[in-house]
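The sequence and the structure are shown first.

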Amino acid sequence: MTVTEPTPAPTPNLSGAMPGTAPALREARVPADGMYEGRRVLRRLPEGWEERPYELLDVAPRGRLIGAEIRGVDLARPLTAALREELNRALLEWKVLFFRGADITAEQQRDFALNWGELETNPLLARGSAEDVVRFDKGGSATPTYENVWHADVTFRERPALGAVLQLREVPPYGGDTMWADMAAAYDNLPEDVKERIDGARAVHDFIPGFARFYGPEQLAPHQDRFPPVTHPVVRTHPETGRRMLFVNTSFTTHIVGMDRAESDRLLSFLVRQAHVPEYQVRFQWQAGDVAFWDNRATQHYAVDDYAPHRRVAERVAIAGDRPY
């Protein structure tokens, strides 16, 4: 007589599924248009860019993607053509350059910036200690800061600034760092369907939103005719490197041309959040006399407002740029 043992019942696996069946997950989702984890493309240089050694200066990277300290350059002295070329190449490759302990006068700061073109000033900002220099005196009883938001400078102009040279004259005992984000990396990592949506799109930029939170109509109205709204590409091309970069920001971009308000607001909200990704950023802790020189075409920046009631004093020179395309 043959005895047949009973077949044991299948045992579910840890996911709850029976062997041989696909595991099932409960329905769950995060809000649409979120920022998701995962490896990001961190491409510092344009494709095909020839990286060459520097002969007249030393470059000490501050991050994988953006930001480098420049050593061996005296900003108080006039630049030779060869040194200017190397500094410009470093600017294109690292997007923001730091010079520790430069401690230059406002006139020397202005002369250094003139190596990159004509200068511009913003009539809504206080004048500094020399012509074409503006002053940021913050903390204590000063006007609340309007720089602690991710932005590029003066995109409300037809020709937004090429770059800026900033020196800290007085630093608080703690806080007051500045952060920069690489907007070419921000573009590189956009989903393909978003890139398709914004290819060829244009957006309106206006000075009023960025300043109306701190200044009244009586201060802003006199400048409306001088600074009418302008349109720029949502994705601009860098005129020297050819890289494509996101060119919308929280301070001045009001809407995307041709979209209804709800659609434009949703898309802009997603695009401006790209600057918030830490992998695209560098953060600089200032000491008095330090200088930063950044490419305003390729970056956005954020002045961290965490030092009140202490004082933070900076002076900036802005270099006029070209019309974005």
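The text below treats the sheets, then the cavities and the pocket, and then the salt bridges. The structure is a predicted model.

## Strands and sheets

An open sheet of three strands is arranged in the order β14-β8-β16, and its pairing is antiparallel. Its edge strands, β14 (281-284) and β16 (299-303), each pair on one side only. From one strand to the next, the twist averages 20°. Within this sheet, strand β8 (residues 178-182) is joined to β16 by five bridges, and the two run antiparallel. In this part of the model D182 stands opposite T299 in β16.

Another open sheet of three strands has the order β10-β9-β13, again with antiparallel pairing. Here the edge strands, each pairing on one side only, are β10 (230-233) and β13 (253-256). The twist averages 35° from one strand to the next. Strand β9 (residues 202-205) and β13 are antiparallel and are joined by three bridges; V204 stands opposite H255 in β13.

Strand β7 (residues 163-170) is largely enclosed by the rest of the structure, because six of its eight residues are buried. It pairs with strand β15 (residues 291-295) in the antiparallel sense through five bridges, and V165 stands opposite F293 in β15. β7 also pairs with β17, antiparallel and over seven bridges. In that pairing, A314 of β17 is the bridge partner of L168.

Four cavities of 30 Å³ or more are present in the structure.

| Space | Volume | Lining by class |
|---|---|---|
| Largest cavity | About 300 Å³ | Eleven nonpolar, six polar and four charged residues |
| Second largest cavity | About 70 Å³ | Five nonpolar, two polar and five charged residues |
| Largest pocket | About 370 Å³ | Seven nonpolar, four polar and eight charged residues |

The largest cavity is lined by 21 residues, and F136, E147, H151, D153 and R316 are those nearest its centre. At least two lining residues come from each of α5 (207-212), β16 and β17 (312-319). β17 supplies the largest share, three residues. β17 is also the strand that pairs with β7 over seven bridges.

Among the residues that line the second largest cavity are R44, P46, L92, K95, D182 and R243. D182 is the residue that stands opposite T299 in β16, while R243 takes part in a salt bridge with D188.

The largest pocket has 19 lining residues, of which G34, Y36, P191, F270 and Q274 are the closest to its centre. Helices α4 (192-198) and α7 (261-272) each supply at least two residues of this lining, and the largest share, four residues, comes from α7.

## Salt bridges

The count of salt bridges in the model comes to 28. Three of these pairs are described here.

R40 forms a salt bridge with E279, with the closest N and O atoms 3.5 Å apart. Because R40 lies in the segment before β1 (58-61) and E279 in the loop between α7 and β14, the pair ties together parts that are 239 residues apart in sequence. R40 counts as partly exposed at 21% relative accessibility; E279 is likewise partly exposed, with a relative accessible area of 36%.

A salt bridge also joins R243 to D188, with the closest N and O atoms 2.6 Å apart. This pair links distant parts of the chain, since R243 lies in the loop between β11 (235-237) and β12 (244-246) and D188 in helix α3 (residues 183-188), 55 residues apart. Both R243 and D188 are buried.

E192 and K195 are three residues apart in helix α4, so about one helical turn separates them. E192 is exposed, with a relative accessible area of 52%, whereas K195 is buried, with a relative accessible area of 15%.

Definitions and conventions:
Residues are numbered from 1 along each chain as its sequence is written. This is a predicted model: local features need pLDDT of at least 70, side-chain atom pairs count only at pLDDT 80 or more; totals for chains, interfaces and linings use all residues. Side-chain values use heavy atoms; hydrogens and water are left out. Two strands pair if DSSP finds at least two bridges between them. Axes are lines fitted to C-alpha atoms, for helices over the stretch in contact, and angles run from 0 to 180 degrees between N-to-C directions. On a 1 Å grid over the protein atoms alone, a cavity is a set of points where a 1.4 Å probe fits but cannot get out, and a pocket is an open set with protein on both sides within 12 Å along at least five of seven lines; lining residues have an atom within 4 Å of a point. Grid points are joined across faces, edges and corners, and a volume is the space filled by probe spheres set on the points. Ala, Val, Leu, Ile, Met, Phe, Trp, Tyr, Cys and Pro count as nonpolar, Asp, Glu, Lys and Arg as charged, and the others, Gly among them, as polar. Buried means under 20% relative accessible area, exposed over 50%, partly exposed in between (1.4 Å probe, protein chains only). A salt bridge is a side-chain nitrogen of Lys or Arg within 4 Å of a carboxyl oxygen of Asp or Glu.
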